[in-house]
Amino acid sequence: MRTILFATATLAAAALPQLSACTNNDCTVTKTCPVGSSGQGGDDTSSQGGATTMSQGGATTSQGGAGGAIPDTCGNNLVDAGELCFTEAPLFFDIGGSEPYDILLHDCSGDDRLDIIVAQDGSSNLIVMENSGSGTFPLSATRSVVDPPVTLAIGETSSSIQGPELIVGYSGGGYTDTNRIGNGCQITYEYPLYHPGMAGRPEVEVGDVVSSSSVDEIIILHSDRIFYRGSNSTALERTLQGGPKAGLTLAPISDDNDADLIMVDVSANALEVYRTSVSNGTPSFPGIPTQALSTGANPTDTAAGDIDGDGDDDIVVSNGAGNSVSVYLNNSASGVSLSKKPVDIPVGGQPVLIRLADLDDDDDLDIIVANYESIAGKSTVSLLLNDGSGSFVSAPSSPLEIAALPLALEVADVNIDGAPDIIVASAIGNGSTAQLSVIRSRP
């Protein structure tokens, strides 16, 4: 879960482009070649079928090869061997109520379809939206919880409990519930995790903090405090130096397999990495960051993954008041050793949520950003395509329209066609009710 914090909210408005649609069953997009590449600075490159297609100044030509030319199926004078096709406008589904602060994708029915659970801060309910199989999500059930929920995570956190557990954090602070999740997204209360003296919205991540652990471990971020729960109910707490934190992510940034803590310090405009140290199976966390690097104005969220193809995890950060994304490349051979790329990447207004996924099927991670700024009742999602070395350009179809004021973002294949889709929960839809936006791509 990502806590959305802003230092400033006054941003210039701009007209939104319309979603571009393809006219047939396939769609390809371009990537910009780096200077000195075979594309000569133009808008892409070569086909996998033997043809070489080059774009210079927008004119697309095909030089015939054994496999023939790649067609310009999107009609944008750009072609590429990778695929990215959004063939229809986003689908919108009423969530009901307000403030859907987090969403979790989980196969509740055992039918190999990802259903959606929504943590709705405007009520004391979890909303279950069952997947029809084509990536449509009618509201199918509600699950009552003790307080308004704002954060969700799932994992196998106890060896004594069979099956996955759903972790629910509450906006009042103070504790987080752990529940057994069953068929139909039924939940059975297990135990609370108390955080004395805390208030506000927690962020929760579940994963292998200690790589040798036999169960998933839980990390909870409350403003400037970290709570850890591991195997055998091991519990730790640490107060972090500096101002309020946000955008918690777990990833092995250092040169071991234990997950480190990644977050931003909103007031300091800084990315912070806290390296996990493990002794006899028990982790410890420093109170000051192992490495801190500057971000753009008012950072809001983080994501980690290998974006330059060298085998270690890198980091991207959304800058809420900078209308940009910062990229940090990693050299884990020397512990925690990140370097910020000097130029931030422009995106839409007030970017608040960021994810990594291979959108165009070329085996590298692209960037998906949800932008909070609303114009004419719509917000947007920006798509940035990776050239394989960690440099990014905006996809020709970017940005895509979504319901206004996004609060949660996920990327997954929800219509079971092998291509990643984009799912956003927003505070305002076509009216006063919250809505789910589903943007389906096709392979």
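Guide: In β10, R180 is the bridge partner of E165. This is a predicted model: local features need pLDDT of at least 70, side-chain atom pairs count only at pLDDT 80 or more, and totals for chains, interfaces and linings use all residues. Residues are numbered from 1 along each chain as its sequence is written, and side-chain values use heavy atoms, with hydrogens and water left out.

Visitor: How many bridges link β9 and β10?
Guide: Five. β9 covers residues 165-170, β10 covers residues 175-181, and they pair in the antiparallel sense. Strands are DSSP runs (E, at least two residues), numbered from the N terminus. Two strands pair if DSSP finds at least two bridges between them.

Visitor: What is the strand order in that sheet?
Guide: β8-β9-β10-β11, an open antiparallel sheet of four strands. β8 (149-155) and β11 (187-194) are at the edges with a single partner strand each, so one side of each lacks a neighbour in the sheet.

Visitor: By how many degrees are neighbouring strands turned?
Guide: 25° on average, direction ignored. Axes are lines fitted to C-alpha atoms, and angles run from 0 to 180 degrees between N-to-C directions.

Visitor: Switching topic. What order does the sheet with β4 have?
Guide: β4-β5-β6-β7, open, with antiparallel pairing. β4 (100-106) and β7 (139-144) are its edge strands, each pairing on one side only. Neighbouring strands here are turned by 25° on average, direction ignored.

Visitor: And which residue stands opposite M129?
Guide: L139, in β7. β6 (residues 125-129) pairs with β7 over five bridges, in the antiparallel sense.
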